[in-house]
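Thanks for making the time this morning. I would like to walk you through one model, slowly, so please have a look at it before I go on.

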Amino acid sequence: MINSLVKRRLEKGEVVIGTFVKFASANLVEMIGLAGFDFIIIDTEHANFTHGQVEDLIRAAQLVGMSAIVRTGDASEAAILHALDSGASGVQVPSLGSATEAATVIRRAKYHPLGERGWAPGCRAGDYAFTPAKTYIEQANRDTLVAVHVENARMAADIDALCALDQLDVAFIGTGDLSQSLGHPGEPDHPDVAKVVDEVVAACARAGKHYGVVASSPDGLKAWVERGARYIAWQSDMIMYKNALKAAVDKVAPFRAGRGEV
């Protein structure tokens with residue numbers, strides 16, 4: 001019960017567009033899929049979810065044919081297991097500082113012989129044990145996407161070793177945290193930050209490795225695609241909802257009491 005849409009499309013070199021999900025609403029997730037997004041990233045690092053809520057969001061995404069990636073709160077074995085056993089299409093792990101740490105993430109996300117993920121074929125991802133264990137394990141190893149963040153100076157400096165990891169699917173560039181790590185907090189366009197981002201992008205290109213980014217504007221999205229980005233998060237549900245609400249209020253503002261005539 002793993003949606004591998006995003007992983008398969010990346011293997012073909014196609015652009016996939018997702019969004020971060022910060023609200024525990026299965027209805028909103030269904031709407032995101034019906035609107036045409038390829039995937040969601042359930043943000044358990046910066047938003048508050050229970051394990052049950054995460055599983056329900058994954059289920060809602062699958063209902064509309066959309067992949068569901070979980071951004072874990074950390075790289076712990078438990079965080080990775082909870083996400084993947086619930087049927088997530090993959091994990092996106094933040095706050096790593098080296099390729100060695102990323103290799104540990106891969107081992108925790110993959111079963112033998114690729115890793116040492118905790119054995120639990122009797123889970124939602126394994127169709128509650130209705131699928132034979134051998135079949136499920138092969139599918140999980142084949143279809144589970146692994147992404148890690150490149151969001152600090154240490155990881156950026158180890159980018160060549162990171163890109164050499166066979167089972168790593170996406171190096172996700174976090175320009176916000178990276179700007180802070182490089183001494184320019186909140187300035188992702190600072191020349192020092194841009195230089196490191198260029199180095200990361202170049203390393204991914206040399207190794208034939210996909211990298212991911214956040215895009216918040218059509219021009220920014222176009223620029224990233226032209227630079228070779230294929231795994232792109234368009235804003236978040238919160239930002240899109242905020243923008244839609246603000247646009248609605250702006251439209252009705254002239255007709256509100258005390259502000260104009262109907």
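Strands β5 and β6 pair in the parallel sense, over 4 bridges, and within this pair H149 stands opposite F172 in β6. Please keep in mind throughout that what you are looking at is a predicted model.

On to the next neighbour: strand β6, residues 170–173, also pairs with strand β7, residues 210–215, again in the parallel sense and over 3 bridges. Here V170 stands opposite H210 in β7, and A171 stands opposite Y211 in β7.

If we now step back to the whole sheet, 8 strands close into a barrel, running in order from β1 through β2, β3, β4, β5, β6 and β7 to β8, with parallel pairing. From one strand to the next, the twist averages 25 degrees. Helix α10, residues 191–207, packs on this sheet and touches β5, β6 and β7, and its direction makes about 170 degrees with that of β6.

Finally, let me turn to the surface, where M1, Y128 and F130 form a nonpolar patch with about 370 Å² of accessible area together. F130 lies in the loop between α5 and α6, and this residue counts as exposed because its relative accessible area is 74%, where exposed means over 50%.

Definitions and conventions: Residues are numbered from 1 along each chain as its sequence is written. This is a predicted model: local features need pLDDT of at least 70, side-chain atom pairs count only at pLDDT 80 or more; totals for chains, interfaces and linings use all residues. Side-chain values use heavy atoms; hydrogens and water are left out. Two strands pair if DSSP finds at least two bridges between them. Helices (H or I, at least four residues) and strands (E, at least two) are DSSP runs, numbered from the N terminus. Axes are lines fitted to C-alpha atoms, for helices over the stretch in contact, and angles run from 0 to 180 degrees between N-to-C directions. Contact means heavy atoms within 4.5 Å. Patches are made of residues with over 30% relative accessible area and no salt bridge: like charges are joined within 9 Å, nonpolar side chains (Val, Leu, Ile, Met, Phe, Trp, Tyr) within 5 Å. Accessible areas come from the Shrake-Rupley method with a 1.4 Å probe; for residues, only the protein chains shown count as cover. A salt bridge is a side-chain nitrogen of Lys or Arg within 4 Å of a carboxyl oxygen of Asp or Glu. Buried means under 20% relative accessible area, exposed over 50%, partly exposed in between (1.4 Å probe, protein chains only).
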